[in-house]
Amino acid sequence: MTTSTTPHSPARISVLASGGGSNLHALIDHFAGAAASVGVITFVASDSESAGALDRARAAGIATGVLDAPLDSDAVLSLLDTAKTDVLVLAGYLKLVPAGVVLAFRGRILNVHPALLPSFGGPGMYGRRIHEAVLAHGVTLTGVTVHFVDEHFDRGPIIAQWPVPVLPGDDVALLAARVLRAEHRLLPLCVAAVASGAIVLGEDGRVHGHLDFPADVAQFFSR
Ligand code: GRF
């Protein structure tokens with residue numbers, strides 16, 4: 001991906017988060033380590049000034065901001081432009097991204113959802129509600145979806161998914177924790193693939209390219 005600085009410098013990654021920021025933490029660790037040459041987390045913003053994600057960013061020495069008008073394209077774009085954002089990641093972000101931002105960042109904006117979309121997604125489907133619905137429906141397999149973002153909640157082209165078993169005796173907390181561990185592995189891999197250009201959103205609206213899963217990923221999803 002051509003970055004806002006020189007062609008070969010790491011992509012500047014901005015993250016939007018509404019909550020505690022454990023996915024942000026996984027991104028910070030990943031891009032501070034193995035993927036440092038591909039991307040760097042340079043800005044974190046939230047629609048809530050008390051979001052734990054902002055504390056995690058500050059502790060890591062990353063610039064932060066608060067979105068006072070999260071549904072206003074110009075307001076959001078001005079923050080992202082000031083941060084010279086190349087790739088935008090929604091990591092536990094609960095607001096709908098305004099159309100002007102989606103357009104400006106087409107193919108460079110990703111979201112993580114703790115279910116296998118298109119199931120258990122859409123307006124109002126976030127956090128524990130998703131896992132409650134999964135348990136209520138009695139499905140035996142759930143998982144994680146990372147997708148490009150469009151003008152709708154949880155509807156953009158899918159980049160990658162990974163299955164997580166629903167086990168006998170699971171409650172919302174147990175299931176959410178197992179899915180969250182999978183999010184922490186899959187989201188950084190997908191962001192790195194988009195930042196490096198290994199995965200692109202084509203003019204045809206389809207996802208092109210390949211995502212390399214590390215050998216240990218398979219064993220990760222066991223009990
Ligand atoms: C995660 O399951 C995320 O997918 C969802 O909220 C949960 C908490 O995310 N939107 P985080 O710890 O704030 O990253």
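**Entry 1: α1 against α6.** I began with the crossing of α1 and α6, and I found that α1 passes α6 in a right-handed crossing, where a crossing is called right-handed if the near helix is turned clockwise from the far one by less than a right angle, and left-handed if anticlockwise. The two helices pack at an angle of about 50°, with their axes 9 Å apart; I took axes as lines fitted to C-alpha atoms, for helices over the stretch in contact, with angles running from 0 to 180 degrees between N-to-C directions. That angle makes α1 oblique to α6, since angles under 35 degrees count as roughly parallel, over 145 as roughly antiparallel, 65 to 115 as roughly perpendicular and the rest as oblique.

I noted that the model is a predicted one, in which local features need pLDDT of at least 70 and side-chain atom pairs count only at pLDDT 80 or more, while totals for chains, interfaces and linings use all residues. Residues are numbered from 1 along each chain as its sequence is written, and side-chain values use heavy atoms, with hydrogens and water left out.

From α1, the residues S22, N23, A26, L27, H30 and F31 meet L180, E183, H184, L187, P188, L189, V191 and A192 in α6, contact meaning heavy atoms within 4.5 Å. I sorted the residues of this contact into nine nonpolar, four polar and one charged, with Ala, Val, Leu, Ile, Met, Phe, Trp, Tyr, Cys and Pro counted as nonpolar, Asp, Glu, Lys and Arg as charged, and the others, Gly among them, as polar. The helix and strand names follow DSSP runs (helices H or I, at least four residues; strands E, at least two), numbered from the N terminus.

**Entry 2: α1 against α2.** I then turned to helix α1 (residues 22-32) and helix α2 (residues 52-59), which pack at an angle of about 20° with their axes 9 Å apart. That makes α1 roughly parallel to α2, and α1 passes α2 in a right-handed crossing. On the α1 side I listed S22, L24, H25 and I28, and on the α2 side A53, R56 and A57; these contact residues divide into four nonpolar, two polar and one charged.

**Entry 3: what is buried in α1.** Which residues of α1 are buried? I found N23, L24, A26, L27, I28 and F31, where buried means under 20% relative accessible area, exposed over 50%, and partly exposed in between (1.4 Å probe, protein chains only). What covers them includes β1 (11-16), β2 (39-46), α2, β4 (87-90), β5 (109-113) and α6.

**Entry 4: the cores.** The largest nonpolar core has 49 residues, and those with the most contacts inside it are V15, L27, I41, I159 and V191; such a core is a set of buried Ala, Val, Leu, Ile, Met, Phe, Trp, Tyr and Cys residues joined through side-chain atoms within 4.5 Å. Helix α6 (residues 172-196) gives the most to this core, with 12 residues. I looked up V15 in particular: leaving aside residues up to four places away in sequence, V15 touches L24, L27, I41, F43, V44, A45, V89 and A91. A second, separate core of 17 residues includes L67, V76, Y93 and I109.

**Entry 5: α5 against α6.** For α5 and α6, I read an angle of about 110° and axes 9 Å apart, which makes α5 roughly perpendicular to α6. Their crossing is right-handed. The contact is made by R128, H131, E132, V134 and L135 of α5 together with V172, L175, A176 and V179 of α6, and I counted six nonpolar, one polar and two charged residues in it.

**Entry 6: the loop between β5 and α5.** In the loop between β5 and α5 (128-137) I found P118, which is joined to L117 by a cis peptide bond with omega of about 10°. F120 has its place in the loop between β5 and α5, and its phi is near 55°, a positive value in a residue other than glycine. Is F120 buried or exposed? At 18% relative accessibility, F120 counts as buried.

**Entry 7: other loop residues.** K84, in the loop between α3 and β4, has a positive phi near 50° although it is not glycine, and K84 is partly exposed at 46% relative accessible area. D68 lies in the loop between β3 (63-66) and α3 (73-82), and at 73% relative accessibility D68 counts as exposed.
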